[in-house]
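Good morning, and thank you for joining.

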Amino acid sequence: MSRAETQDELYQRAAQEYGAVLSRMAYAYEADPDLRRDLSQELHLALWRSLEKFNGSCSLRTWIYRVAHNVATSHVVRQVRSKRITSAFLTLEDAEARAGVEDIESSTDRNQSLDRLFALIQRLDPLDRQVIMAYLEDLDAESIGEITGLSPENVWSKIHRIKNVLIRRFPRGGRHAL
Amino acid sequence: MPCDELPDNLKSLWKEAGANPSMFTLDQLRNETNRLQAKRRKGQIVLAGSMLLMVIAYGLSLFIFPNLLARVGATLTAAACGYWMIHALIERARQPLDPGETGGVRFYRAELTHARDNCRWMSWRWALLLVPFILFDVGVAEIYSKMWPLIVWFVCFDCALLLAAFAIWAPLKSARMARKYQDCIDALDASSGSGQGHLQQ
């Protein structure tokens, strides 16, 4: 099996197993539909190219998450430069604080809930986005630490905050405060 | 990690979002890679070509304009433009950190630091373009002021415009962007545990 075949096969496996994850990442990093399509393609392209260097030093899942998050983060930094992001990112602390004072709207619509969740994530700092998305993908703290480079304690602290934000903004019964 | 604490089964809702992911064939990816490489090459050719044209244009003006000020201005302008363009070419050739082998925090910090340093690099170097342009303008005005007195007003207007652009607007914008990136770096350091201390190796 040649090197190129291995890369192609790995990509096909990755796209098959993690295509949905990449799609959610594109949503969470880019609100504009046109730019989201570009970002989605950029994620797949970067993944395919990176798999040429994949040597099994970490799991394929960790590799895919790292590549995707890092490429999406570059996208966010470019957006800061092109002035599409004018205000500072929302910190988890701000998100927690605002959940208590902002207007509470009632909604039981699942799509609306999802839109609100994406809207919240799109306002967060890229690092917090990585943690919140990995958490929602059911990754454990150790895996999140491997992807982000954060220590497990730091990951746990962030997850704790993220849970608080989500619970306050998406209370049971469908009343959301985003 | 228990997920049952989360409201309205937020995790299952989250996973519904990727029900129809975009898929790309290998041929599409190869074609896109080729397209991007061609675009990159074209960009480098345009940059290098512009640099060469600038150097040639201002080099020729050394022979066209007999005035010392215009000649000094032309030489310095060619040098300054060349310096900026070489920097732009080096920037384009920069290899970012490997996204597969670098953790999210380190990668994000490196991107921010690079963007900040780039803005800082530009901030005062706008003056490198300003001074030669003004020297050149004044030199040309000296040559043609008797033949066409209005040129003095034109040059005054041009210099005011250049001053506003290169001495005020551009440096301020670069400095503001650098501050913005520095704020992001500070926030990242605070959020990831005071710099690199809490990071995994």
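Please bear in mind throughout that this is a predicted model. I begin in chain B, where the axes of α2(B) and helix α3, residues 68-93, come within 8 Å and cross at roughly 170 degrees. An angle over 145 degrees counts as roughly antiparallel, so α2(B) is roughly antiparallel to α3(B).

Which residues form this contact? On the α2(B) side they include Gly43(B), Leu47(B), Met51(B), Met54(B), Tyr58(B) and Leu62(B). Facing them from α3(B) are, among others, Ala70(B), Ala74(B), Ala78(B), Cys81(B), Met85(B) and Leu89(B). Classified by residue type, the contact of α2(B) with α3(B) has 14 nonpolar, 8 polar and 2 charged residues. Arg71(B) and Arg92(B), both in α3(B), also take part in the contact.

Helix α3 of chain A, residues 60-81, packs against helix α7 of chain A, residues 141-148, at an angle of about 50 degrees, and their axes are 9 Å apart. What does that angle make of the pair? The two helices, α3(A) and α7(A), are therefore oblique to each other. The crossing in which α3(A) passes α7(A) is right-handed.

From α3(A) come Thr62(A), Tyr65(A), Arg66(A) and His69(A), and they meet Ser143(A), Glu146(A) and Ile147(A) in α7(A). By class, that amounts to 2 nonpolar, 3 polar and 2 charged residues.

Chain A contains 8 helices and 2 strands. Read from the N terminus, its elements run α-α-α-α-β-α-α-α-α-β. Of the 178 residues in chain A, 45% are buried. Among contacts in chain A with a separation of 6 or more, 67% are between residues 24 or more positions apart.

Finally, I come to the interface. How many residues of chain B are in contact with chain A? There are 43, and they are in contact with 59 residues of chain A. On the chain B side, α1 (10-16), α2 (26-64), α4 (104-144) and α5 (150-191) each supply at least two residues. The largest share, 8 residues, comes from α4(B). By class, the side of chain B that touches chain A has 22 nonpolar, 12 polar and 9 charged residues.

Conventions. Residues are numbered from 1 along each chain as its sequence is written. Chains are lettered from A and ligands numbered from 1 in the order in which they are written. This is a predicted model: local features need pLDDT of at least 70, side-chain atom pairs count only at pLDDT 80 or more; totals for chains, interfaces and linings use all residues. Axes are lines fitted to C-alpha atoms, for helices over the stretch in contact, and angles run from 0 to 180 degrees between N-to-C directions. Helices (H or I, at least four residues) and strands (E, at least two) are DSSP runs, numbered from the N terminus. Angles under 35 degrees count as roughly parallel, over 145 as roughly antiparallel, 65 to 115 as roughly perpendicular and the rest as oblique. A crossing is left-handed if the near helix is turned anticlockwise from the far one by less than a right angle, and right-handed if clockwise. Two residues are in contact if their C-beta atoms, placed from the backbone, lie within 7 Å. Ala, Val, Leu, Ile, Met, Phe, Trp, Tyr, Cys and Pro count as nonpolar, Asp, Glu, Lys and Arg as charged, and the others, Gly among them, as polar. A residue is buried if 20 or more other C-beta atoms lie within 10 Å of its own, exposed if 12 or fewer, and partly exposed in between; C-beta atoms are placed from the backbone.
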